[in-house]
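Dear colleague,

I am handing over the structure below, and I would be grateful if you could look through it alongside my notes, which follow directly after it.

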Amino acid sequence: MSILKDKLVVARKQHICDLCGSKIENGESYRYVVDTFDGFSANKYHLCCNQAITKTFNEWEMCGEHEDYYLTSWIFEHIEDRLHSKGIITATMTDKEKVEEFLKLGKYEIPRF
Ligand SMILES: [Zn+2]
């Protein structure tokens, strides 16, 4: 894999975050990454989503574990917090209902680094 581009930019129009699937507003800073892992891909992330990714990967490296479940649960916790703060999901929903809401909003893949 090689990273072709990795930078912080300020949105000049509205985008959709590739991690949480919600809007990156005009004027908001976000991380833009272009890589060639598994084909060409360009991803945009909110700064808080980017922090979740960075933290996950740092911990992942520190503990030397390559466990997908761990990675997934950390990222999903972050997405859940974001959607909860926006009122998209509620505490009374089951995990299955929450996942259905996640899927309605955008694409949910583990970011590739
Ligand atoms: Zn996001």
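**Strand pairing and confidence**

Strand 4 (residues 29-35) and strand 5 run antiparallel and are joined by six bridges, where strands are DSSP runs (E, at least two residues) numbered from the N terminus and two strands count as paired if DSSP finds at least two bridges between them. Within this pairing, aspartate 35 stands opposite serine 41, and the bridge partner of tyrosine 32 is lysine 44 in strand 5.

Please bear in mind that this is a predicted model, in which local features need a pLDDT of at least 70 and side-chain atom pairs count only at pLDDT 80 or more, whereas totals for chains, interfaces and linings use all residues. Residues are numbered from 1 along each chain as its sequence is written.

Strand 4 is also joined to strand 1, by seven bridges and again antiparallel, with lysine 5 standing opposite valine 34. Together these strands form an open sheet of three in the order 1-4-5, whose edge strands, strand 1 (3-10) and strand 5 (41-46), each pair on one side only.

As for confidence, the protein chain averages a pLDDT (the predictor's confidence in each residue, from 0 to 100) of 74, and 68% of the residues score at least 70. Over residues 107-113 the pLDDT is below 50, although this stretch has 15 contacts in the model beyond near neighbours in sequence, a contact being two residues whose C-beta atoms, placed from the backbone, lie within 7 Å.

Note on methods
Helix = DSSP H or I, 4+ residues; strand = E, 2+ residues; numbered from the N terminus.
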